[in-house]
Amino acid sequence: MAHSKQPSHFQSLMLLQWPLSYLAIFWILQPLFVYLLFTSLWPLPVLYFAWLFLDWKTPERGGRRSAWVRNWCVWTHIRDYFPITILKTKDLSPEHNYLMGVHPHGLLTFGAFCNFCTEATGFSKTFPGITPHLATLSWFFKIPFVREYLMAKGVCSVSQPAIDYLLSHGTGNLVGIVVGGVGEALQSVPNTTTLILQKRKGFVRTALQHGAHLVPTFTFGETEVYDQVLFHKDSRMYKFQSCFRRIFGFYCCVFYGQSFCQGSTGLLPYSRPIVTVVGEPLPLPQIEKPSQEMVDKYHALYMDALHKLFDQHKTHYGCSETQKLFFL
């Protein structure tokens, strides 16, 4: 895919902060709406919250995606900054549903966001007839305005009801789950290829229950765009991170990249290529109540397929021939 000229570092920082800026605006709007309840404009928040009550189940019933939001030009600038691309190894038939493992998590999951939550890399043209949904923490969808922003991009809740709905209503749906989650994010540093997957088998059980095909993916470069400070397990900071994770469900970490000036440290990610390789789908039978042995069998097949995908493409996208993929 041809890319336009990269924006300047200043422009890039502004563009990369755009999605976060929207989230910040949505957070500000919430106390503002509460304040409006005590003014002459009280019907506005009342109407919204009444509609929110009626619309509460929408995130678990397929969401409400917006082609307009997914095609905002800001996503193409973010794509070009790194750049971010998607590589198809096999076609995905619209006659089936798919459960896709997204690996690795990285710090901010730029690759999965750009490839599956926007049309910046041309997902719809690359996989015609397939509707992508990237799953994230369920409690995001309980936050007014934030939920609208996420649903518009095709993001869905990682809750079981939400995934079950997408895999049982029609075909051509693809649900992406970042299997490694928070634990993997806290281990994300450059030059590492360690995935938390060995005991993560729930997504395989769900795929078997619906007869959905499993799709392995690996995003090369995802862990290279930021450095992270890793703390010893006995340190206070590590204990704080663990406590924060238990309470809020997501991670708190110390990371850094580059700044406006060449060679200086800042919060702008390093402009290094990110390539998401989408592997060949693994067909699964539909079993309403799969046994643990059946889950283990297809989990092992999935790990083998992911391992082969990594080995096949690693030398093309920055890894050495001797680099290994490890599962924890």
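Two strands pair if DSSP finds at least two bridges between them. I noted this before looking at any sheet.

**Entry 1: ground rules**

I am reading a predicted model, in which local features need pLDDT of at least 70 and side-chain atom pairs count only at pLDDT 80 or more, while totals for chains, interfaces and linings use all residues. Residues are numbered from 1 along each chain as its sequence is written, and side-chain values use heavy atoms, with hydrogens and water left out.

**Entry 2: the whole protein**

I looked up the secondary structure. The protein has 12 helices and 12 strands. Helices (H or I, at least four residues) and strands (E, at least two) are DSSP runs, numbered from the N terminus.

I looked up the radius of gyration next. It is 20 Å, close to the 20 Å that the globule rule gives for 328 residues, so the protein is as compact as a globular protein of that length. The radius is taken over C-alpha atoms, and the rule is 2.2 Å times the number of residues to the power 0.38. Along the principal axes, the C-alpha atoms fill a box of roughly 65 × 55 × 50 Å.

I then checked burial. Of the 328 residues, 49% are buried. Buried means under 20% relative accessible area, exposed over 50%, and partly exposed in between (1.4 Å probe, protein chains only).

**Entry 3: strand β7**

I picked β7, residues 213-220. How many of its residues are buried? The count is 8 of 8. His 213, Val 215, Thr 217 and Thr 219 point one way. Leu 214, Pro 216, Phe 218 and Phe 220 point the other way.

I looked for its partners. Strand β2 (residues 98-101) runs parallel to β7, and 4 bridges join them. Tyr 98 stands opposite His 213 here. Strand β11 (residues 274-278) pairs with β7 in the antiparallel sense, also over 4 bridges. There, Thr 219 stands opposite Thr 276.

**Entry 4: His 313**

I moved to helix α12, residues 292-313, which holds His 313. Is His 313 buried or exposed? It counts as buried because its relative accessibility is 9%. I listed its contacts (heavy atoms within 4.5 Å). Leaving out residues up to four places away in sequence, His 313 touches Leu 87, Thr 89, Phe 220 and Val 277.

**Entry 5: an open sheet**

I traced a sheet of 3 strands in the order β8-β9-β10, with antiparallel pairing. β8 (227-229) and β10 (265-266) stand at the edges with a single partner strand each, so one side of each has no neighbour in the sheet. β9 (residues 254-258) meets β10 over 2 bridges. Gly 257 has Gly 266 as its bridge partner in β10.

I searched the loops. The peptide bond from Phe 82 to Pro 83 is cis, with omega near 0°. Pro 83 sits in the loop between α4 (73-81) and β1 (84-88). His 103 and Pro 104 are also joined by a cis bond, with omega about -15°.

Pro 104 is in the loop between β2 and α5 (110-116). Thr 109 is found in the loop between β2 and α5 too. Its phi is positive, near 50°, in a residue other than glycine. Thr 109 is buried, at 10% relative accessible area.

Asn 191 is not a glycine either, yet its phi is about 65°. Asn 191 lies in the loop between α9 (181-185) and β6 (194-195). At 63% relative accessibility, Asn 191 is exposed.
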